[in-house]
Amino acid sequence: MTTFAVRPGSSRQLAGTGTLLRFALRRDRVMIPVWIAVNALMVLSMPGTLEGLYGTPAERADLIRQMETNSSLRAMVGPVFGDSLGALTAWRVGVYAGALAAVMSLLIVVRHTRDEEESGRQELVASGMVGRRASLTAALLAAVVANGVLALLVTAGLAGQGTTGALALGLGIAAVGLVFATMAAIVAQLTESARLARGLTAAVLGAAFVLRAAGDSATDDGSSVLTRLSPLGWLENLRPYASERWWVLALFAGAVALQGAVAYALAGRRDLGMSFLPTRPGPASGRLGSAGALAWRLQRGGVLGWSIGFFLAGVVYGGMTDGAADLVGDNAGARRIIERMGGQSGLTDAFLASMVGMLGLIAALFIVASVLRLHGEETSGRAEPVLANAVGRVRWAAGHLVIAFGGAALIMLLAGLGFAVGYGRETGPILGACLVQLPAVWVVGGVAVLLHGVLPRAALVAWGIAGAVLLIGWVGPALDVPQVVLDVSPFGHLPKLPGGSMQWGPVLVLTGLAVLLVSGGLAGLRRRDMTT
């Protein structure tokens, strides 16, 4: 086991940080811009959309009254603190923008710390003139750069609504990202697996969202103790465009400083490649006697986490269906957006269809992550010992793909059951609406398989494609973009269920396209050299 040599002095501890930072930004030259673009466009598109929805003082006052009395909607998007377009923008997308910044940050930090050690590349880097904490510092600085650019874009884009509020919202979103960047840095020291580090940090983010939602459902002013325990709740209580509470930024700064100090202390107390919570060795026989069983062992935690999340999301969205119909009321703009997302049926069915469609878009992220587990196994060198035995490449890949494509079906089914529990009616139609999302989800997964099989070095572009699909489906209807743009996404061709008529043609075409993409990816995998 290679260890870092002890180098006295802080300058030697950080030797090579600049070079590693440039390398990290070069490696993430696609991933970081995509995450920033999706997040910034989501935020910057809101003022125009909200102006069309709530253009008069009476409509805004009615919205605020509805939010004060509707705990389900507060749990979803938080309380409203002002009636200006800027305040409504912070209310509508602030929590989600902060969550996206957190996901981006944890992915960056884990990729350039634990991922590098797990793949063996960090051992080569450590043999040069590189300080003991240089890699961790470069990873955190990459997260700082990404969140800084995001903050600048949000501030500049919303400055027309008020410079002070725009600055507060931009800094708040970036601060949430940095809190989870330093948290990921700690978890990366504790765990021996990059997958586990990402999963645990994402679980903390999920807990933060649940705490905020529970607190906001109980109070209409963000004063709940549960809300104040969550970094996402801190972002709410910063109150951009509503008598900003600048002291909240001190909470973010304190959390970042404390977590960063802990991460640096832990990094100085362990050997390269080791962890404070070593992974328990598993059996070499029995349940792991096949490639499929090994794939399930590797991915079962992720499938379980996504399953629980989708079921709970279905319960929440189902429970707020009636309240959402009351909130829209006679607002023609809001009704038009919901009907564009969910179809021209009744408002309740259109809302259900739009929420089901949103979960379908998020399921596309699950399938990309699951498919790209193949890429991680291959580049880390763990695939070679498996393939050195009597296991063909297609059989090895099939184990992971069954989990990816079958797991997508499972989480959408559980989402439908959650809707049925929360809404209490139309169980069959809602389950059908959730399952009809699968062909589009599988097409996105098929693109990831094709990229991994044919162009393995470009496999991570699948994240950009999934992000673009999410952006089109989420922001497109609100911006009233042309239908031809919406049709770029496979989700734009699905029937709007429940409420609409079932159309088997697009469903069968998308399913066939997914089969072709997967087949092409597996054919490419059989013929190309394995990468490391």
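**Exercise 1.** Decide whether Tyr96 is buried or exposed, and then describe its pairing with Phe209.

*Solution.* Begin with the burial classes: a residue is buried under 20% relative accessible area, exposed over 50% and partly exposed in between, with a 1.4 Å probe and protein chains only. Tyr96 has a relative accessible area of 14%, so Tyr96 is buried, whereas Phe209, at 26%, is partly exposed. This is a predicted model, in which local features need pLDDT of at least 70 and side-chain atom pairs count only at pLDDT 80 or more, while totals for chains, interfaces and linings use all residues. Residues are numbered from 1 along each chain as its sequence is written, and side-chain values use heavy atoms, with hydrogens and water left out.

Next, turn to the rings. A pair of aromatic rings is described by the distance of the centres and the angle of the planes. Rings of Phe, Tyr and Trp (for Trp, its six-membered ring) pair if their centres lie within 6.5 Å, and the planes count as stacked under 30 degrees apart, as edge-to-face over 60 and as tilted for the rest. The structure holds four aromatic pairs. In one of them, the ring centres of Tyr96 and Phe209 are 6.1 Å apart and the planes stand at 50°, so this pair is tilted. The pair links distant parts of the chain, 113 residues apart, with Tyr96 in helix H7 (residues 85-111) and Phe209 in helix H12 (residues 194-218); helices are DSSP runs of H or I with at least four residues, numbered from the N terminus.

**Exercise 2.** Classify the aromatic pair formed by Trp234 and Phe252, and say which helices hold the two residues.

*Solution.* The centres of Trp234 and Phe252 are 5.4 Å apart with 75° between the planes, and the pair is edge-to-face. Trp234 belongs to helix H14 (residues 231-238) and Phe252 to helix H15 (residues 248-267), 18 residues apart. As for burial, Trp234 counts as buried at 15% relative accessibility, and Phe252 also counts as buried, at 2%.

**Exercise 3.** Find where Ser45 is located, and name the residue whose backbone oxygen lies 3.1 Å from a polar atom of its side chain.

*Solution.* Ser45 is found in the loop between helix H3 (31-44) and helix H4 (46-53). With a relative accessible area of 8%, Ser45 is buried.

Notes. A polar contact is a pair of N or O atoms within 3.5 Å; within protein, one must be able to donate a hydrogen and the other to accept it, and residues adjacent in sequence count only if both atoms are side-chain atoms.
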